[in-house]
Amino acid sequence: MKAIDPVCQMEVDTASAMWTSEYGGQMYYFCAPGCKSSFDKDPQKFLSGEGDHDHHEHH
Ligand SMILES: [Zn+2]
């Protein structure tokens, strides 16, 4: 199974992920220790923005 690293948006294989973090009852997977520590420092920053993509369409 693949998960998206919320910090760098890279695909991470959950079976072999070495860096994980639980936040808000959900597991997040990271490609590198740097990504995990960035997330741990400020999880909301990576979750609220959902990357650089703008999902919100205003009609
Ligand atoms: Zn990463």
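**Close-up views of a predicted model**

View 1. Helices (H or I, at least four residues) and strands (E, at least two) are DSSP runs, numbered from the N terminus. This is a predicted model, in which local features need pLDDT of at least 70 and side-chain atom pairs count only at pLDDT 80 or more, while totals for chains, interfaces and linings use all residues. Residues are numbered from 1 along each chain as its sequence is written. The buried residues of α1, which spans residues 33-41, are Cys35, Lys36 and Phe39. Seen down the helix axis, these buried residues fall within an arc of 100 degrees, so they line one face of α1; the arc is that of the directions from the helix axis to the C-beta atoms. An α-helix has 3.6 residues a turn, so residues three or four places apart point the same way. Asp40 is also found in α1, but counts as partly exposed because it has 13 C-beta neighbours inside 10 Å. The C-alpha atoms of Asp40 and Thr20 are 10.0 Å apart, although 20 residues separate the two in sequence.

**View 2. The whole chain and its confidence.** The protein chain holds two helices and four strands, which run β-β-β-β-α-α from the N terminus on. Of its 59 residues, 19% are buried. Among contacts with a separation of 6 or more, 27% join residues 24 or more positions apart, two residues being in contact if their C-beta atoms, placed from the backbone, lie within 7 Å. The mean pLDDT (the predictor's confidence in each residue, from 0 to 100) of the chain is 89, and 81% of its residues reach 70 or more. Confidence is highest in α1, at a mean of 98, and lowest in α2 (residues 43-49), at 87. Where pLDDT is low, the predicted coordinates should not be read in detail.

View 3. Strand β3 (residues 19-23) and strand β4 (residues 26-30) pair in the antiparallel sense over five bridges, strands being counted as paired if DSSP finds at least two bridges between them. Trp19 has Phe30 in β4 as its bridge partner, and Ser21 stands opposite Tyr28 in β4. Two residues lie between the strands of this hairpin, where Gly24 takes a positive phi near 60 degrees.

**View 4. The surroundings of Cys35.** Cys35, in helix α1, counts as buried because it has 21 C-beta neighbours inside 10 Å. Leaving aside neighbours within four places in sequence, Cys35 is in contact with Asp5, Val7, Cys8, Trp19 and Phe30. The C-alpha atoms of Cys35 and Trp19 are separated by 8.5 Å, with the two residues 16 positions apart along the chain.

**View 5. The largest nonpolar core.** Eight residues make up this core, namely Val7, Val12, Tyr28, Tyr29, Phe30, Cys35, Phe39 and Phe46. A nonpolar core is a set of buried Ala, Val, Leu, Ile, Met, Phe, Trp, Tyr and Cys residues joined through C-beta atoms within 7 Å. The elements that give two or more residues to the core are β4 and α1, and β4 gives the most, with three. Phe46 touches Pro6, Val7 and Phe39, if residues up to four places away in sequence are not counted. In soluble globular proteins, nonpolar side chains tend to be buried together.

View 6. Gln9 is found in the loop between β1 (2-4) and β2 (11-13), and has a positive phi of about 70 degrees although it is not a glycine. With 13 C-beta neighbours inside 10 Å, Gln9 counts as partly exposed. Ala17 is found in the loop between β2 and β3, and is likewise partly exposed, with 18 other C-beta atoms within 10 Å. Not counting residues up to four places away in sequence, Ala17 touches Val12 and Tyr29, while the C-alpha atoms of Ala17 and Tyr28, 11 residues apart along the chain, are separated by 9.8 Å.

Key. A residue is buried if 20 or more other C-beta atoms lie within 10 Å of its own, exposed if 12 or fewer, and partly exposed in between; C-beta atoms are placed from the backbone.
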